[in-house]
Structures are given as C-alpha cells and as structure tokens.
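Here are my notes on this one, as numbered points. Have the viewer open while you read.

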Amino acid sequence: MIKTDILIIGAGPTGLFTVFEAGLLKLRCHLIDALPQPGGQCSEIYPKKPIYDIPAYPEILAGDLTEKLLEQGKQFEPGFTLGERAETIEKQEDGMFIVTTNKGTKHQAPVVAIAGGLGSFEPRKPLIHNITDFEDKGVEYIIKNPEIYRNKKVVIAGGGDSALDWCIFLSDVASEVTLIHRRNEFRGHLDSVEKVQELKNKGKINLITPAEVIGIVGDTSVKAIVVNQAQHIEKEFEVECDHFIPLFGLSPKLGPIANWGLEIEKNAIKVNNALDYQTNIPGIFAIGDVNTYPGKLKLILCGFHEATIMCQAAYQIINPGKKYVMKYTTVSGVNGFDGTRKEAPKAVVKKIE
Amino acid sequence: MSDVNITIIDREGEAHTIEAPTDMAMNIMEVVRAYELAPEGTIGICGGMAMCASCQCYVLSEHDLPEMQDDEDAMLAEAFYVKDNSRLGCQIPVTPEMDGLKIELAPES
C-alpha cells in the first residue's frame with residue numbers, strides 16, 4: 001500500500017504543480033498516470049510545440065514545461081505510479097480513500113485530487129473486424145516489454161514517431177520487422193525517417209506502403225495479417241508474423257473515473273469553484289482540464305491556480321483546526337523533504353562612510 | 001457583422017444550419033464546439049494542432065477550401081474512417097467565401 005497526503009490522479013502540468021504547492025504546506029504527494037511518463041498531453045501529444053500563455057514564459061515548449069515543473073517540485077519527493085490507470089476508489093470508515101489501479105496497485109490518502117485532463121490515454125485501435133479477438137494473443141497496442149519480440153516476426157502499422165522509433169529498436173531484436181503505412185510519407189522526426197530508410201536499404205526492415213492492414217489470420221494467436229496495398233494496382237496479400245503492433249496514437253477517455261459517483265457534466269467533473277474545487281464527494285477534488293464550472297477555461301495557467309487553492313483546502317482536511325497563514329516563498333524560502341533549502345539571499349548591510 | 005451559414009451534420013446524423021462569425025479567427029472545429037454539436041472532450045482534443053484527428057469531417061459541398069498542409073495530410077494518413085473528402089476541421093478557418101458550406105462530422109475514434 002502506497003501512503004501519501006494528496007493522491008493526484010494525472011501527472012500533467014496541473015498535477016505536477018500541485019506537488020510544489022502541497023510541498024510548501026508540508027504535504028506529500030503521489031501521482032498516478034496511465035502514461036509511462038509524466039507530462040500528460042504536453043509530453044504525449046505535443047512535446048515539441050510551443051506554448052505562449054504560461055506567465056513569464058513568452059514561449060516554452062510543452063516538453064520543456066514538463067521538465068521545469070518536475071524540477072520545481074523535485075525537493076518535495078513526489079511518488080509516481082506510471083503506466084497504470086486509476087480504476088476504483090473506496091472511502092474507508094476512517095475517512096481515508098483507497099485508490100486501486102488496473103494493475104492492482106493500492107494507494108491510500110485522506111485527499112484525492114483528480115487532475116486527469118481529458119482522461120486517461122487509451123490506444124486508438126484500427127478498424128479491423130477481428131482485432132479484439134487477438135489482443136494479448138499477438139496484437140499489442142503499446143510496447144511494454146520489447147523482449148517478447150526477440151527472434152519473432154513483427155509487423156508494425158502507423159506513420160508517426162512511435163511507429164518509426166519502435167521499428168528502429170525492434171530491427172535489432174526481432175527476426176523480421178515489417179512497417180506498414182497508408183502513405184509513402186512519414187511524419188516522424190527527420191532523423192528517425194532517415195534511419196528507417198537506411199535500415200530498409202540494408203534489408204533490416206521491410207516497408208509496405210501505401211498499404212493498410214485489413215485483417216488478422218490465426219486460430220489462438222496471430223499467424224499472419226492481411227494487407228491491402230494500393231500501389232499501381234490494388235492487391236491483397238498475407239504477411240506471416242507472430243506479432244502485430246498497431247501504433248496509431250492515443251486518445252483520452254474519461255474512463256473509470258466516470259463511475260466514481262462524481263457529478264459529471266459535459267465529460268468533465270463538476271466542482272465548487274467559489275471555494276476550493278471540491279467535487280460532490282468531500283475529500284475528492286478535481287483540478288485542471290478535468291473539471292467544469294461556470295466560466296471554466298481549459299488552460300494550463302488556470303489549472304495552476306486551481307491546484308494552489310485546492311492545496312489550502314487539503315491542508316484543512318489533513319490538519320483540522322490547525323492555524324496557518326499563507327507565506328510568500330520569497331519570505332519563507334522552500335524547505336524540501338529531501339533536506340534542501342532554497343532561500344532569498346540576505347541583504348547586505350554596510351555602513352557608508 | 002459578417003456571419004456565414006454553415007450546415008454541420010453531427011455524429012448522430014442530425015443537420016444543423018448555424019451562423020459562424022468570420023471575424024473571430026475561428027475554425028470549423030471551434031464552431032462545432034461553440035455550438036456544442038459534439039460532446040466536450042470528443043472534438044478538438046489537441047486544441048487545433050492537427051495532431052489528433054478528433055475534428056475530422058467530410059466536406060459535402062463544392063467550396064474552395066484552403067489547401068491541405070503537410071501536417072494535416074500526415075494526420076489524416078493515420079486517422080480512421082478517412083474518405084477522399086476528409087479534412088480536419090481545425091485547419092479550416094471560417095471565411096466569407098464559406099457561406100453555404102456543408103460538412104459532416106466523422107465518427108469518434
């Protein structure tokens with residue numbers, strides 16, 4: 001059982017900034033995220049895109065924002081459960097919440113802050129009629145353990161960075177790698193595209209374009225895939241393989257959170273914005289893009305504000321009746337749980353003669 | 001005011017003829033969201049960067065639309081339910097020439 005003060009669901013910018021604000025109040029945080037890395041949309045969808053409305057940053061790349069937020073909060077030693085989706089929540093008699101992930105990891109906290117953005121990212125499944133029959137029987141939408149492909153025949157479908165990067169990686173692991181894409185053009189980073197070209201020239205990757213996987217052949221596991229290729233004349237043929245990995249990106253789904261008994265409106269969680277961004281269940285807060293209230297704006301900077309307000313309410317729940325006044329970091333400095341201290345340099349007092 | 005009329009068929013097949021402003025730098029995806037013709041969270045997920053295809057639509061009328069850029073083309077190459085008349089709504093700004101435009105939202109995927 002992982003125990004913490006504030007359990008944050010979602011490790012996007014709002015969740016990451018919560019770590020800092022909570023830390024100033026001496027509250028510890030643990031974050032759960034379905035993605036294997038922190039940053040949420042900023043790292044999954046658009047890490048190389050600039051953002052222009054983060055206060056004091058005229059321009060910052062989404063990936064860099066994630067890095068900066070991690071750095072800002074690191075002295076407060078946040079815990080992470082990554083690559084797992086928060087599945088169920090129960091409230092114990094002592095007021096503690098237990099949140100269990102899809103992999104069975106249990107977390108206990110008196111306060112839960114849902115900073116889930118648009119939801120947890122689920123792989124987009126291609127429209128192949130029998131694909132669900134082969135899930136975990138040779139069809140994988142996410143590569144978790146590359147070793148399972150050692151000396152196997154692998155087909156990857158997709159045209160983005162993850163398709164290219166995994167092709168490059170698996171060309172040294174699998175006995176055969178085939179890349180299938182609907183176009184001849186790929187939109188990955190130039191060096192990845194060039195590397196795949198080089199591996200194709202060396203015969204280490206088979207490239208089938210412009211083509212689409214339209215069926216899967218096999219009894220209990222994948223034996224081959226059916227490909228429709230539309231170069232010059234349209235033709236259909238089978239490619240023998242042990243694994244088929246469709247990499248068509250991820251799309252966010254609110255998912256299990258929708259069944260937690262929270263008041264939902266327009267795919268978002270209703271909160272009390274006049275007070276503390278608490279949901280209809282006391283002790284559960286929703287901050288950032290995942291919440292809604294009159295006048296809501298889905299902006300990172302609004303998520304930061306909501307996180308800050310929420311932490312004050314969390315402090316009151318965790319330390320009932322305890323007196324506290326907000327302090328400026330410039331005055332109080334930042335005392336990390338790791339023993340570090342940041343503080344403003346003392347003014348130099350010197351006599352003028 | 002320079003509003004144009006646009007007909008949008010939602011994902012349930014219902015047609016809505018709506019007035020879209022041409023002076024607010026809005027695109028088709030944003031118009032759909034402004035009129036709530038698709039549930040929040042199912043359209044415009046990436047915010048309009050041509051990076052998610054959640055605003056894919058089929059262009060049903062013969063309007064001259066801005067030419068497709070590489071990023072839109074590449075995104076559509078990875079999207080599902082793509083047809084010859086597919087476009088990403090977020091890449092089509094609303095302009096006065098668009099009066100009478102008719103589009104259909106592609107299924108959610």
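1. A quick word on terms before the counts: helices (H or I, at least four residues) and strands (E, at least two) are DSSP runs, numbered from the N terminus. Counted that way, chain A comes to seven helices and 25 strands.

2. Keep in mind that this is a predicted model. For the complex, the predictor gives an ipTM of 0.78 and a pTM of 0.83. Chain B has a mean pLDDT of 93, with 99% of its residues at 70 or more.

3. On to the overall build of chain A. Its C-alpha trace spans about 85 × 65 × 40 Å along the principal axes. Of the 353 residues in chain A, 40% are buried. If you take the contacts in chain A with a separation of 6 or more, 60% of them join residues 24 or more positions apart.

4. Now the inside. The largest nonpolar core holds 47 residues, and A:Ile6, A:Val112, A:Ala113 and A:Ile114 are the ones with the most contacts inside it. Helix α6 of chain A (residues 300–318) supplies the largest share of this core, namely seven residues. As background, nonpolar side chains tend to be buried together in soluble globular proteins.

5. Leaving out residues up to four places away in sequence, A:Ala113 touches A:Ile6, A:Ile8, A:Thr18, A:Phe285, A:Ile287 and A:Met310. One of these partners, A:Ile6, is also among the residues with the most contacts inside the core.

6. Next, the sheet in chain B. Five strands form an open sheet in the order β2-β1-β5-β3-β4, and the pairing is mixed.

7. Which residue of β4(B) is the bridge partner of B:Cys57? That would be B:Arg87.

8. Last, where the chains meet. The contact involves 22 residues of chain A and 13 residues of chain B. By class, the side of chain A that touches chain B has nine nonpolar, six polar and seven charged residues. If you want a size for the interface, that is often given as the accessible area lost when the parts come together.

Key:
Residues are numbered from 1 along each chain as its sequence is written. Chains are lettered from A and ligands numbered from 1 in the order in which they are written. This is a predicted model: local features need pLDDT of at least 70, side-chain atom pairs count only at pLDDT 80 or more; totals for chains, interfaces and linings use all residues. Two strands pair if DSSP finds at least two bridges between them. pLDDT is the predictor's confidence in each residue, from 0 to 100. A nonpolar core is a set of buried Ala, Val, Leu, Ile, Met, Phe, Trp, Tyr and Cys residues joined through C-beta atoms within 7 Å. A residue is buried if 20 or more other C-beta atoms lie within 10 Å of its own, exposed if 12 or fewer, and partly exposed in between; C-beta atoms are placed from the backbone. Two residues are in contact if their C-beta atoms, placed from the backbone, lie within 7 Å. Ala, Val, Leu, Ile, Met, Phe, Trp, Tyr, Cys and Pro count as nonpolar, Asp, Glu, Lys and Arg as charged, and the others, Gly among them, as polar.
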